[in-house]
Amino acid sequence: MRRRWLAAVAITMAGLLGVTACGGGNTPAGQATGGATKAASSDVEVFSWWTGPGEADGLAAMRKIFETQNPNLKFLDAAVAGGSGDKAKALLQTKLQGGEPPDSFQGHAGAELQGYIKAGQLEDLTSLYDELKLKDVFPAQLVEQISVDGKIYSVPVNIHRSNVLWFNPAVLKEAGVAGAPKTIEEFIAALGKVKAKGKIPLSIGSEWTVTHLLENVMLGSLGTDGYNALFQPGANWAAPEVTKALESFKTIMSFAGDPQDDWQPAAKQVADGQAAFNIMGDWAYGYFHNPPDGGLGKTSKTDFDWAPAPGTEGTYLWLSDSFTLPKGAKNREGALAWLKVAASKEGQDAFNPKKGSIPARKDADAALYTDYLGDALKDWSGNKLAGSVQHGVAVSQPWLTAINEQVGLYLGKQDVAALQKGLADAATANAQ
Ligand code: GAL
């Protein structure tokens, strides 16, 4: 396994060095990208990492509404390829520090956004909230995650779920696995059965998808309270329960297939019947389900099915994408026009069914959220909550970087004790 990951890391580095901004196939010709081109005054530069199949569809749907409502503004898609924003966020830092912010950028509600706020990089949007009466339509708990000292700093467009086990029903059947495993132990047993049949038990993507898997195994093993407690000051990362969770992570990772370039090719292995399981956020639903011009056009329950990640039923491991108004935005008015669309019922109801997420607004049209998204809406209103690590809720960006470094080291050595110590040190250095 070590060799495979060394090769994958080399690919990731190459990607990083040649950071490519990509307009998701719908950037007007001659315009681009990542901010390299000087924006004309009508341009509204919107920075995200939604370029790939599935996620770009959601952005395109919201962009369409923006363009219809603002014929004199031009949407400049400054999206930077790479799932989970690993490359985008690095470039964003350079732009912010260089005083060249985009007009609006995507940031995760929670600790990640708090970092931008505390660094003084964002404008206070409280007056926009008052004007549009947004406090009435967003859940109070969510508004808290994007506020400091009572001021609100972003517009959440969705709620995503991190803890989804995607699986191929036919591959499970062939391996004699009766249904989605409900516990970590059942999961490990199921992975073994699939392996015996010669299929890939668990598909995996680039390195960040391993951290994504890790947060899911930690939640499934420690339970909601135990998991949430890890992100409080003074948490005990050296506890034997954490060792047990990390040992399970090691066992589960031993069933992983060859690392794919990003989350889409890993998810596709499940939809194509090459792999049995993939643990990924529900953006995978958009990718599986959207018609073939953006997604895979697969049939739910036949080509792919879903369940809460093993051991996590009853808990929503959540995250939320939100858009900001950075200080120094060149087109402040244009950015506000974009934020109004992002905040609107119409914008959210166009975006989310394509994105594979449920709306952040409480008053969205429930009839639009069917199939997987119907389950998600139901669970969001009844489940306990835990915050995603990889997607910015539970840990700050520096803390996440430290965790990702430990996961990278783990992939080389597969040393659970070293991983636990590294994670404990990362928590000591970064918890506030
Ligand atoms: C998350 C983001 C999602 C989705 C995913 C994969 O961090 O919140 O919207 O884009 O990455 O790229």
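This report walks through the fold of one protein chain, from its overall shape to a few of its side chains.

## The chain as a whole

Welcome to a predicted model, so please read every value here as computed from that model. The protein chain has 432 residues, and its radius of gyration is 21 Å; a compact globule of that length would have a radius near 22 Å, so the two agree. Along the principal axes, the C-alpha trace spans about 60 × 45 × 45 Å.

The secondary structure consists of 17 helices and 15 strands. Of the 432 residues, 57% count as buried. The accessible surface comes to about 16,600 Å², and carbon and sulfur atoms hold 53% of that surface. Looking at contacts with a separation of 6 or more, 79% are between residues 24 or more positions apart.

## An open sheet of five strands

Five strands make up an open sheet with mixed pairing, and their order is β2-β1-β3-β13-β6. At the edges stand β2 (74-77) and β6 (155-156); each has a single partner strand, so one side of each has no neighbour in the sheet.

Further in, strand β3 (residues 104-108) pairs with β13 in the antiparallel sense, over three bridges. To find one of the bridge partners, go to H108 and look across to D321 in β13.

## Rings that meet across the sequence

A pair of aromatic rings is described by the distance of the centres and the angle of the planes. The count for this structure comes to 28 aromatic pairs. One of them joins W50 and F323 in an edge-to-face arrangement, with 5.8 Å centre to centre and 75° between the planes. W50 lies in the loop between β1 (43-47) and α2 (55-69), while F323 belongs to strand β13 (residues 321-323), so this pair ties together parts that are 273 residues apart in sequence. Both partners are buried: W50 has a relative accessible area of 1%, and F323 has 0% relative accessibility.

A second pair to visit is W166 with Y372, which is tilted, at 5.3 Å centre to centre and 50° between the planes. Here W166 sits in strand β8 (residues 164-167) and Y372 in helix α15 (residues 372-382), so the pair links parts that are 206 residues apart in sequence. W166 counts as buried at 0% relative accessibility, and Y372 counts as buried at 3%. These two rings also belong to a cluster, in which ring pairs link W166, W263, Y285, Y287, F288, F304, W306 and Y372.

## Charges over rings

Rings meet charged side chains too. The charged end of K301 sits over the ring of W306, 4.2 Å from its centre, and W306 is a member of the ring cluster described above. Elsewhere, the charged end of R161 sits over the ring of Y316, at 4.6 Å from the ring centre.

## A stop at T224

Let us finish with a single residue. Where is T224 placed? T224 is in helix α9 (residues 207-229). With a relative accessible area of 11%, T224 is buried. Leaving out residues up to four places away in sequence, T224 touches L219, T315, K384, L385 and A386.

Technical notes
Residues are numbered from 1 along each chain as its sequence is written. This is a predicted model: local features need pLDDT of at least 70, side-chain atom pairs count only at pLDDT 80 or more; totals for chains, interfaces and linings use all residues. Side-chain values use heavy atoms; hydrogens and water are left out. Rings of Phe, Tyr and Trp (its six-membered ring) pair if their centres lie within 6.5 Å; planes under 30 degrees apart count as stacked, over 60 as edge-to-face and the rest as tilted. Helices (H or I, at least four residues) and strands (E, at least two) are DSSP runs, numbered from the N terminus. Buried means under 20% relative accessible area, exposed over 50%, partly exposed in between (1.4 Å probe, protein chains only). A charge sits over a ring if NZ of Lys or CZ of Arg is within 6 Å of the ring centre and within 35 degrees of the ring normal. The radius of gyration is taken over C-alpha atoms; the globule rule is 2.2 Å times the number of residues to the power 0.38. Contact means heavy atoms within 4.5 Å. Accessible areas come from the Shrake-Rupley method with a 1.4 Å probe; for residues, only the protein chains shown count as cover. Two strands pair if DSSP finds at least two bridges between them.
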